[in-house]
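Me: Hi! Could you take a look at this one with me? I'd like to go through it bit by bit.

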Amino acid sequence: MTITRRTLCASGATLALAGIAGCFDLGASSDVDDWNWSGSLPVERVVQHHDPSCGCCSEYVDYLETNGIDVRVAETADLEAVKRDLGVPADAESCHTLEFGDYLVEGHVPLEAVEELFENEPDVDGLTAPGMPQHSPGMGPPGDEPLQIYAFDDSGAVSEFTTV
């Protein structure tokens with residue numbers, strides 16, 4: 001079978017659309033109620049930077065607000081510049097970035113991991129759930145497998161932090 005340029009482009013476009021579909025609000029139900037958290041954090045307000053068209057980012061805001069965290073949303077058309085300015089390593093990037101007290105939280109990180117970050121106070125700049133992992137807050141109910149959360153520092157190093 002010969003693959004033509006047209007077939008290759010059409011296949012690539014279909015895969016790209018499927019890959020970003022989770023970032024658009026397509027009327028799916030919220031998973032906020034599936035992510036219960038009863039902990040506490042020393043931060044009452046956070047700032048979340050995201051693209052205005054991202055539906056899963058809005059779901060993450062709902063998750064945080066449902067759990068008592070005041071979220072100021074900073075929509076931006078140049079999220080890459082924000083990430084660069086804040087010091088998020090390319091290997092840690094996701095679809096939104098939060099300023100969470102003195103730390104950064106990149107992507108769909110469960111509050112259990114953020115709570116552990118504040119309890120242990122490791123020498124890191126923040127936490128990340130790189131990419132857009134399924135079965136994370138804002139991306140669906142918890143799955144059967146634990147969700148790996150990573151830490152990153154100002155050198156750009158990304159390392160395992162915890163599983164939730």
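Me: What covers the buried residues of helix 3?

Reply: The cover includes strand 1 (45-50), strand 3 (96-100) and strand 4 (103-107). Keep in mind that this is a predicted model.

Me: And which residues of helix 3 are the buried ones?

Reply: Helix 3 spans residues 79-86, and its buried residues are Leu79, Ala81, Val82 and Lys83. Just after the helix comes Gly87, with a positive phi of about 95 degrees.

Me: Is Glu106 buried or exposed?

Reply: Glu106 is buried, with a relative accessible area of 0%. Lys83 has a value of 1%, so Lys83 counts as buried too. As a general point, side chains of opposite charge can pair when their charged atoms come close.

Me: How many salt bridges does the structure hold?

Reply: Two. Besides the Lys83 and Glu106 pair, Arg45 forms one with Asp70, where the closest N and O atoms are 3.2 Å apart. Arg45 belongs to strand 1 and Asp70 to strand 2 (residues 70-75), so this bridge connects parts 25 residues apart in sequence.

Me: How accessible are Arg45 and Asp70?

Reply: Arg45 is partly exposed, at 49% relative accessible area. Asp70 is partly exposed as well, at 41%.

Me: Switching to rings: how many aromatic pairs are there?

Reply: The count comes to three aromatic pairs. In one of them, the ring centres of Tyr60 and Tyr63 are 5.5 Å apart and the planes are at 45 degrees, so the pair is tilted. Both tyrosines lie in helix 2 (residues 55-66), three residues apart, which is about one turn of the helix.

Me: Which residues do ring pairs link into a cluster?

Reply: Phe100, Tyr103 and Phe118. Phe100 and Phe118 are both buried.

Me: What about His108, where is that found?

Reply: His108 is in the loop between strand 4 and helix 4 (111-120). With a relative accessible area of 0%, His108 is buried. A polar atom of the His108 side chain lies 2.6 Å from the backbone oxygen of Pro137.

Me: What does His108 touch, leaving out residues up to four places away in sequence?

Reply: Among its contacts are Cys56, Tyr60, Cys95, His96, Met139 and Leu147. Tyr60 is also one of the rings in the tilted pair with Tyr63.

Me: Let's zoom out. What pattern does the protein chain follow along the sequence?

Reply: Reading along the sequence gives α-β-α-β-α-β-β-α-β-β-β. That comes to four helices and seven strands.

Me: And how much of the chain is buried?

Reply: Of its 164 residues, 42% count as buried. The chain exposes about 9,100 Å², with carbon and sulfur atoms supplying 48% of that area.

Me: One last thing: among contacts between residues at least 6 apart in sequence, what share joins residues at least 24 apart?

Reply: That share is 61%.

Terms used
Residues are numbered from 1 along each chain as its sequence is written. This is a predicted model: local features need pLDDT of at least 70, side-chain atom pairs count only at pLDDT 80 or more; totals for chains, interfaces and linings use all residues. Side-chain values use heavy atoms; hydrogens and water are left out. Buried means under 20% relative accessible area, exposed over 50%, partly exposed in between (1.4 Å probe, protein chains only). Helices (H or I, at least four residues) and strands (E, at least two) are DSSP runs, numbered from the N terminus. Contact means heavy atoms within 4.5 Å. Accessible areas come from the Shrake-Rupley method with a 1.4 Å probe; for residues, only the protein chains shown count as cover. A polar contact is a pair of N or O atoms within 3.5 Å; within protein, one must be able to donate a hydrogen and the other to accept it, and residues adjacent in sequence count only if both atoms are side-chain atoms. A salt bridge is a side-chain nitrogen of Lys or Arg within 4 Å of a carboxyl oxygen of Asp or Glu. Rings of Phe, Tyr and Trp (its six-membered ring) pair if their centres lie within 6.5 Å; planes under 30 degrees apart count as stacked, over 60 as edge-to-face and the rest as tilted.
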